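Here is a friendly walk through one protein model, from its overall build down to a few individual residues. Have the sequence and the 3D view open as you read.

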Amino acid sequence: PVDRSPEIQEARLKLPVLAEEQVIMEAVRENPCVVICGETGSGKTTQVPQFLYEAGYASGSGIIGITEPRRVAAVSMSHRVAKEMNLPTQVVSYQIRYEGNVTSDTKIKFMTDGVLLKEIQKDFLLQRYSAIIIDEAHERSVYTDILIGLLSRIVPLRNKKGMPMKLLVMSATLRVEDFTDNTKLFRTPPPVIKVDARQFPVTIHFNKRTPLEDYTGEVFQKTCKIHRMLPPGGILVFLTGQAEVHSLCRRLRKAFPFRKGNTTTGVDEEADTSEAMRKFKKAKQKKTVVFRPPPPGTRLCVVATNVAETSLTIPGIKYVVDCGRVKKRFYDRVTGVSSFKVTWTSQASANQRAGRAGRTEPGHCYRLYSSAVFGDFSLFSEAEITRRPVEDLVLQMKDLNIDKVVNFPFPTSPSAEALVAAEQLLVSLGALKEPPRTGRVKDIERARLSCPITPLGRAMASFPVAPRYAKMLALGKQQDCLPYVIAVVAAMTVREIFEDLDRPAGSEDESSKLTQRRARLTQMRRLWAGQGASLLLGDLMVMLGAVGACEFAGCTPKFCEENGLRYKAMVEIRRLRGQLTNAVNAVCPEVGAFVNPKMTPPTEHQVFCLRQIVLAGLGDHLARRVQAEDILDPKWKNGYKTPLMDEPVFIHPSSALFKTLPEFVVYQEIMETTKMYMKGLSAVEAE
Ligand code: ADP
Ligand code: MG
């Protein structure tokens, strides 16, 4: 029996999913797997776990697990459900990468999809759970896809062993054919239950013309116009990235100053959501409790990236301003070169955005592009797994003894090329057994795609970082290098730890300030790069120096601000260092690694070892400077040649190795911006 407060009870009854409770629970009783579709806000995430709880799925030894692609959702949803059910957080709990409040009394457990994947590695049958809900399946995040593939096998296994488990897949869109019409995944298609959302009509206004250059300016104009001219109601603005969100919030606050209650709020992408959520909550509090209208003369305006498209419920939105674009990371399948590009979004996601305007009353969506342009959008966004390298997934699967990854029941399979490339990289890192080189061609081909994991590979799979970095950790024991390797790997994993010195200045005044700051921070980075031997470790030495100095200073926002470090990134590195240290100790307890906040710089000999270790991890990311006498085309001046590319790649001016231009370097990755730039460089000595 659940003892809910009358207010909660009343609010629940308004949720469309409540009307389907019986249908859902009957389907769950009769089928091992069930798919539930319902618009954002229909009550899936908060209510379905409660349905399962009340139907007794957590009354025995098993508990109910719910996975979320985002950490912030796992935390906030666990709190909300605990509150609704009037239960303590020891019973309705969460577990995310670095923290959690799960206890032996936990009955409902919210977690990120990555956490559940790790649990499958420890116990393939997931015996602690009587039911698993995969939430936000429409996002098609890589881990979600893998989990569904794995669970499609685990559920029948559990049934066969006489300890049945239920699987529920929840999606905010109706496009679920990849899960249901996929006999490799589910031999019997699971039933799909549609929850009819209480949706008010949303009037769509297309622009006559489509701004191609200054769409953020257009967004600003439109938002101001809505605020000045249109009746009360919250505005939700969709932009593509953090910088745009912050800049629009600044402009709006400037345009409408001092008027109490004029709230603008930023909601950024994953990396920044926790802070954004904090701000968001503050904004909500200002606006008072959720269901009361805002005080007169005020308006809530939320500026967001596509995070807000489906996973967050923002009350009181009547107007949506949609720039129609989305920022995505692109990888070149052959060369691995990555770039961030702003592209048109899909029709499905534009419709999701529009839908956010009609949750509480009829609304309006302003699409800042023409209907013809909309007609050219792709219908749906592609699954993430088809758009990125998969070596980390392949290693995790091999660790689960899935040798033939090609046969895995992916909802959408990565390309054969991507799978082959992953297998090759893992063999070269020593994580997989080398396939035989002699024998019948057919056998060699087959063996090449089903290499079993090695003991080194098992150790690497236990580290929560990319395989190249996991290899470095596995080698880190030598010469007391481990603390340094851990710090460097953490810094490389977190990415973008330095403030962007290339950013354009807004005004002339700002420009001269920025020039000064640039000079000072460059100086600082030079200091971190060290002297003599340590210079050869290049950008990785700068990272190591930055992490060391920041930790020494107690990792404060002030230190980060003064030294051009992104505070959030540094906090993340600190957590990751702790986590990696534990993971290393679990694999080889004899090392006794610990995080030393007063880490001294590495000795010359240690720097030498570190470079060897880095080379072992990044060996396939080798580049050689083109010698002056070999340059036929001026575009190769100061250029580097890599094995896979015909075009030159370059050292960025902000790199510690920009002036030295060593003959051989290894790089962390290549990013294409104005040129192809190598990032995270370290020098390699020729034999
Ligand atoms: P779905 O998963 O279908 O998108 P949710 O279960 O997340 O829907 O949300 C259902 C409703 O619960 C929302 O419309 C909102 O009104 C309410 N809700 C969710 N989280 C909170 C919260 N933290 N505080 C108050 N109400 C909330
Ligand atoms: Mg939800």
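## Overall build

Along the principal axes, the C-alpha atoms fill a box of roughly 75 × 70 × 50 Å.

Before going further, a word on what you are looking at: this is a predicted model, in which local features need pLDDT of at least 70, side-chain atom pairs count only at pLDDT 80 or more, and totals for chains, interfaces and linings use all residues. Residues are numbered from 1 along each chain as its sequence is written, while chains are lettered from A and ligands numbered from 1 in the order in which they are written.

The protein has 23 helices and 22 strands. Both are DSSP runs numbered from the N terminus: helices are H or I with at least four residues, and strands are E with at least two. Of the 687 residues, 44% count as buried. A residue is buried if 20 or more other C-beta atoms lie within 10 Å of its own, exposed if 12 or fewer, and partly exposed in between, with C-beta atoms placed from the backbone. Among contacts in the protein with a separation of 6 or more, 71% come from residues 24 or more positions apart; two residues are in contact if their C-beta atoms, placed from the backbone, lie within 7 Å.

## Around the ligand

Which residues are closest to ligand 1? They are T40, G41, K44, T45 and T46, out of 13 residues that surround the ligand. A residue counts as near a molecule if its C-beta atom, placed from the backbone, lies within 6 Å of it.

Helix α3 (residues 44-54) gives the most to this shell, with four residues. By class, the shell has two nonpolar, nine polar and two charged residues. Here Ala, Val, Leu, Ile, Met, Phe, Trp, Tyr, Cys and Pro count as nonpolar, Asp, Glu, Lys and Arg as charged, and the others, Gly among them, as polar.

## An enclosed strand

Now find strand β2 (residues 63-68): six of its six residues are buried, so the strand is largely enclosed by the rest of the structure. Both faces are covered, with I63, G65 and T67 buried on one side and I64, I66 and E68 buried on the other.

Strand β2 runs parallel to β5 (residues 129-134), joined by five bridges, and I64 stands opposite A131 in β5. Five bridges also join β2 to β4 (residues 108-112), again parallel, and here T67 stands opposite M111. Two strands pair if DSSP finds at least two bridges between them.

β16 (residues 622-625) pairs with β17 in the antiparallel sense over two bridges. The bridge partner of R625 is Y640 in β17.

## Nonpolar cores

The largest nonpolar core has 145 residues, and L473, V485 and V489 have the most contacts inside it. Such a core is a set of buried Ala, Val, Leu, Ile, Met, Phe, Trp, Tyr and Cys residues joined through C-beta atoms within 7 Å. Helix α18 (residues 482-494) supplies the largest share of this core, eleven residues. Another core, of 31 residues, lies apart from it and includes C249, L300, C301 and V302.

V485 touches M472, L473, G476, L610 and I613, not counting residues up to four places away in sequence.

I148 is in helix α6 (residues 142-160) and counts as buried, with 24 C-beta neighbours inside 10 Å. Leaving aside neighbours within four places in sequence, I148 is in contact with I134, V169, F179 and P411.

T180, in helix α7 (residues 177-180), is partly exposed, with 17 other C-beta atoms within 10 Å. The C-alpha atoms of T180 and P190, ten residues apart along the chain, are separated by 6.0 Å.
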